[in-house]
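Today I am looking up the cavities, the sheets and the helix packing.

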Amino acid sequence: MWSFFSRDPTKDFPYEVGDPVHGLEDRSVWSLHKGKKRGTQDEVSIFLFDVQKSSETLFDIAKASLKKLKTMRHPSLLHYLDSCETEKFLYVATELVEPLVTHLEDMRLEGQQKDLFLAWGIFQITRALSFFNNDGNMRHNNVCLYSVFVTSAGEWKLGGFEFLTAQGQDTSSPIPIKILPALEIYDPPEKKDPSKLKSVTKCSSDMWGLGCLIWEAFNGPLKNQPSLKTVDHIPKQLCTLYCELVSANPASRPNPADIITRCRKLGGYFKNDLIDTMLFLEEIQIKDKVEKGKFFSTLSSYLDNFPEAVCVHKILPQLLTAFHYGDAGSAVLAPMFKLGKLLEEADYQKQIVPCVVKLFASNDRTTRSRLLQQLDQFIMHLQNSTVNDQIFPQVVHGFLDTNAIIREQTVKSIVHLAPKLNYNNLNVEVLKHFARLQSKDDQGGIRTNTTVCLGKVAAHLHPQIRQKVLVSAFVRATRDAFPPARQAGVLALAATQQYFLLAEVANRVLPALCPLTADPEKQVRDAAFRTIKGFLGKLEKVSEDPSLKEGMEADVHTATPSLSNAAATWAGWAVTAVTAKFYRSHSDTARVQHSVKSALSKPGSLEQPSSSSMSTTTSSVTSMTSLEHSESASDYDPEHWDMTAWGEIDSSAGTGTGASARSPPSSGSAHATPALAALCEDDWDGEWGTLQEQPSAEAELASPSETWNNAAWSEAVVASHNASATYVRGSARLAAHQNSNDSLGGWEDGEFEPIEENADENNASKMDEMRRKREERKLQRQREMEARRSARGQGPMKLGSKINSPPPPF
């Protein structure tokens, strides 16, 4: 039983004492050690007092300071966790800190970051002294470099309560005697001059200590009191206040509350971006939504000037708290992602990724838009399983969104998501939506960017799917009514040339490109001529040296194409560009962000075009530099090809007529747009097209044979025979019949069977047979529709038409 009462008390102390931390030595009754909490292994600081090696007086001082530390709570005071007393030691556990003297010695901050850090720290200590002197009616009596500690978040915490006294506690000696000789250098001058004791105020001794602390923050540890007269390193904003703090007259030293008021005014030392930000975050719970939105919208521009420790350990946790428990919403995304770059990978997965997953499930369009815009900032931190199982199912809804801006940004996001998507999500789901958007979307910019994106992600597609889809999709784009979409299709064919069999180039690609040499738009014609020259040069090389064929078709059936091999071909420039990331220009980003709030808040706003926006369209093309026209020069060589034609397809706004810009793509060419020349003169490097066009006010009609299927556009020469045909939604019955034939949402497998790589002299007959079968299927579908019409007795009824039937008998 007696052994129970004599057990070691440290067993109940849930902290382990670690290595000592230097800095306090002979200037504190405590020694500082690192520590960890048992079980969680959270890092803490342990203040240790050796009972056996210290005098009774020091032991009483240590116990008194512990008692005061337990009962004091303030954001700028050292935070107490736990304590334990044994016969040998007195243990005190606090938050993880290090002495300010050590922190300043090891600090690597320079310039503005250092200035902001010191200003924020001095502000915190001044606020703590205001709490002591004004709210608590106490004097600290030990303010110096060795009584201040710094947390991992860069916050200054006031400790060293060994000599803390209450007002009126000892009127005969308002300034206590310090046992430690090393601390006597911080005693105010009135301690040695009894005549000045009458003018001592409740804060005069602490203000003298604050002046010493300010001097040490800019000059290092104080060696003697005469050094306080040197003010060379103290900021000019602080010099006047500093001189008042170290005044020989105690009555002339200001109150800490007055110091904060004076220095927080415009132009004051405490009036800066960091202190403003930290004070706002401390009071964020009482701020209204408008204030929060304005704060978060400007926060990102300040973060580069803030110390990294403050950003990661103080600002970021506040942003996460505001996101989870406040109404900050998507406004916190920009600063949160910017600060997330400073985190270790494990911390990013723990703190940021759950927020991203939660945000993608939001129904708020503004939130979804901002996520898609900033996808490139966090996609590299997301696991493939997270993207496929939790994020992509939410992103895919954007393809069907009624708001055109969301649809456009969803298309662009696939460039970043494609490397992480599984087979079904990329090769089935994405291509299904791409096929629908490219053929049916009423926004020319979206159709254009769909073509651009398909070219960008071509390397990630499965080889069999890629061979079936690319040529058909890009040929369709070349017959779009929107001129930039046609140019995008031409450049996409050039950029992905390594994925085409030479037989496909001769039988499908070149016949589709030739009509574009007479396109109404010069930029489209130029792109077509250059691309045709490249393909012809490639075929000519193989004709002269058939052994080159195997190397040119090496990537057609390869899951992971060799960039080094592709770069050696005539369009290696396109491979380099197609793997580049998209970046929006500054002006374009500003314009979209300015309009995104109003545009997203009214999903139907796009259905009410204004007179100015009706003529504004989106382009995803770029001007191409002229090529060498020497007949002897080989187009097989990379130097004879434009190195930026495809990579700069990222788009901008052009101007077109209402019908050609807004209608779905047709097999004919659109009228010339006056502003296209100006459009292509701009620098489109790294830009996506912005969406400023409006849907057409009424649907356009078409013959039943011109439905959305691959047979209508898989042949390159169809465009010249159907110049006036347009695509329409069609009736529900016709759409059902059509969808039954679309295994990839419009790109039918049977319509473009892969050509054998070892094609021989029978290739021509095989292509004729495939063309004949396509014609037979088209005729069969027409006969079926005619049969259904005959069964109904009449053709399709038009809305509002009258039924001409004989009158009923009387």
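**Setting up.** This is a predicted model, so I note the rules: local features need pLDDT of at least 70, side-chain atom pairs count only at pLDDT 80 or more, and totals for chains, interfaces and linings use all residues. Residues are numbered from 1 along each chain as its sequence is written, and side-chain values use heavy atoms, with hydrogens and water left out.

**Largest cavity.** I began with helix α2 (residues 56-71), which gives three residues, the most of any contributor, to the lining of the largest cavity. Helices here are DSSP runs of H or I with at least four residues, strands are runs of E with at least two, and both are numbered from the N terminus. A cavity is a set of points on a 1 Å grid, over the protein atoms alone, where a 1.4 Å probe fits but cannot get out; its lining residues have an atom within 4 Å of a point. I found 20 residues lining this one, with W30, G159, G160, F161 and E162 nearest its centre. By class I noted 12 nonpolar, six polar and two charged residues in that lining. My classes: Ala, Val, Leu, Ile, Met, Phe, Trp, Tyr, Cys and Pro are nonpolar, Asp, Glu, Lys and Arg are charged, and the others, Gly among them, are polar. The space in it is about 200 Å³, where a volume is the space filled by probe spheres set on the points, and points are joined across faces, edges and corners.

**Other cavities.** How many cavities of 30 Å³ or more are there? I get four.

**Five-stranded sheet.** Next I traced an open sheet in the order β1-β2-β3-β5-β4, with antiparallel pairing; two strands pair if DSSP finds at least two bridges between them. Its edge strands are β1 and β4 (80-85), each pairing on one side only. Five bridges join β1 (residues 15-21) to β2 (residues 31-37), and six join β2 to β3 (residues 43-50). I followed K36: E16 stands opposite K36 in β2, and K36 stands opposite E43 in β3. In the hairpin of β2 and β3, with five residues between the strands, I saw G39 take a positive phi near 95 degrees.

**Three-stranded sheet.** A second open sheet runs β6-β8-β9, again with antiparallel pairing. I marked β6 (97-99) and β9 (156-158) as its edge strands. Three bridges hold the pairing of β6 with β8 (residues 148-151), and E98 stands opposite V150 in β8. Helix α4 (residues 111-135) packs on this sheet and touches β8 and β9; contact means heavy atoms within 4.5 Å.

**Helix pair.** How do α6 and α7 pack, and at what angle? Helix α6 (residues 236-245) and helix α7 (residues 256-263) make an angle of about 170 degrees, with axes 12 Å apart. Axes are lines fitted to C-alpha atoms, for helices over the stretch in contact, and angles run from 0 to 180 degrees between N-to-C directions. So α6 is roughly antiparallel to α7, a label for angles over 145 degrees. I listed the meeting residues: L241, E244 and L245 in α6, with I259, R262 and C263 in α7. That contact has four nonpolar, no polar and two charged residues.

Note on methods:
On a 1 Å grid over the protein atoms alone, a cavity is a set of points where a 1.4 Å probe fits but cannot get out, and a pocket is an open set with protein on both sides within 12 Å along at least five of seven lines; lining residues have an atom within 4 Å of a point. Angles under 35 degrees count as roughly parallel, over 145 as roughly antiparallel, 65 to 115 as roughly perpendicular and the rest as oblique.
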